[in-house]
Amino acid sequence: MKVDGRHFRSIWLEPDGWSVGAIDQRRLPHEFIIAKITTAEEAGEAISSMLVRGAPLIGATAAYGMALAMRGDSSDASLDRAGKMLAATRPTAINLKWAIDEMQRALAPLAASARAEAAYGRAREIADEDVEINREIGRHGLDLIEKIAATKKPGEPVNVLTHCNAGWLATVDWGTATSPIYQAHDRGIAVHVWVDETRPRNQGASLTAWELGHHGVPHTVIPDNTGGHLMQHRMVDLAIVGTDRVAANGDVCNKIGTYLKALAAHDNDVPFYVALPSPTIDFSIDDGVRQIPIEQRAASEVTHLTGRTADGRIETVRVVPDGSSVANFGFDVTPARLVTGLITERGVLGADRAALASAFPERSGR
Ligand SMILES: CSC[C@@H](O)[C@@H](O)C(=O)COP(=O)(O)O
């Protein structure tokens, strides 16, 4: 996608042919800083510090991290060590494990001398595949938006609510939940996005709003608690969110607060869609609510807020009284019964085992 007219992916191989560039998402929307990742350890640190975040991008970063590990030491021990180190960086997004497994499957049978080149090749493929998958998600989601647009008066926008950042910053390009929005906007369909701020880290307010703004998509940032009110007053035509892991039964894990939006959508007959690339499906888990591990993050994300002061300084301030205890669950699980459909690269599916298994038979048997 474009930043000030220049095309960017969220991660890329630098022109030196070995180091990895990425947009430092901790600094947005106030500063656009490019980070250089030169070792597997730095890739791991980029994931755990949320320099990069979003399930598909975490996977792509881990793949490049494995390539960097192979560049330094391509032994079996190094392959195993890098996989374990990267897998421990964040627990919820299954794309991380998926990408590490893919890399190990591709590299383990090779002679050590052939691994570094093969690792860079597979990491690049994983990144390129993510872009194509997200383009296809957009194509299928566009049909849904077009159908709603056909019911509107001329110039009246389709109102989409989204949560967190499932945009191009969370993937390699296009985004998952935002891909249908970008494609609709590019076709001249009037779309307007309600952007949940997404406390505590504010990925909606700082990242989704930033990227929609750069693409010229009309949007309004709302406090997280606003969605139910908007839905009651018919101000939301559909919700589209991303996901960090979908269980085989169609339960959807996503950023904390997604479940409450799905409940409000259900109560108000607002279609609630989840956009996902197939690596986000975890066919080894049958019950998302009970089995998906939920990351618990630092209390400081809740107790403190970072922003830009009127004179341009970036400052962090405390908003919670000293001494209050804090809980910071990073994700929640929306039961499949609340999901209208799963927008995948192979079409819009029901949120159930049969639909997922028949669309992705090559994954469901593994
Ligand atoms: C296409 S990304 C889908 C999800 O990864 C996204 O909605 C989300 O919850 C990201 O959480 P984050 O904690 O910012 O990595």
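**View 1. Arginine 346 and glutamate 362 form a salt bridge, their closest N and O atoms being 2.9 Å apart.** Arginine 346 sits in the loop between strands S17 (341-344) and S18 (347-349), and glutamate 362 in helix H13 (residues 361-364), so the pair ties together parts that are 16 residues apart in sequence. Arginine 346 is partly exposed, at 45% relative accessible area, and glutamate 362 is also partly exposed, at 42%. The model shown here and in the other views is predicted.

**View 2. A salt bridge joins the side chains of arginine 122 and glutamate 129 (3.2 Å, N to O).** Arginine 122 counts as buried because its relative accessibility is 13%, under the 20% cut-off. Glutamate 129 is partly exposed, at 33%.

**View 3. Lysine 84 and aspartate 80 meet through their side chains in a salt bridge (2.8 Å, N to O).** Both residues belong to helix H3 (residues 76-87) and lie 4 residues apart, about one turn of the helix. Lysine 84 is exposed, with 55% relative accessibility, whereas aspartate 80 is partly exposed, with 38%.

**View 4. Arg90, Arg201, Glu295, Arg297 and Glu301 are linked in a network of salt bridges.** The model has 28 salt bridges by the rule applied.

**View 5. Strand S4 (residues 20-23) is covered on both faces.** Val20 and Ala22 are buried on one side, and Gly21 and Ile23 on the other. S4 runs antiparallel to strand S3 (residues 11-13), with 3 bridges between them; alanine 22 is the bridge partner of isoleucine 11. The hairpin of S3 and S4 has 6 residues between the strands, and glycine 17 in this hairpin takes a positive phi near 85 degrees. S4 is also antiparallel to strand S5 (residues 34-37), joined by 4 bridges, with isoleucine 23 opposite isoleucine 34.

Conventions:
Residues are numbered from 1 along each chain as its sequence is written. This is a predicted model: local features need pLDDT of at least 70, side-chain atom pairs count only at pLDDT 80 or more; totals for chains, interfaces and linings use all residues. Side-chain values use heavy atoms; hydrogens and water are left out. Buried means under 20% relative accessible area, exposed over 50%, partly exposed in between (1.4 Å probe, protein chains only). Helices (H or I, at least four residues) and strands (E, at least two) are DSSP runs, numbered from the N terminus. Two strands pair if DSSP finds at least two bridges between them. A salt bridge is a side-chain nitrogen of Lys or Arg within 4 Å of a carboxyl oxygen of Asp or Glu.
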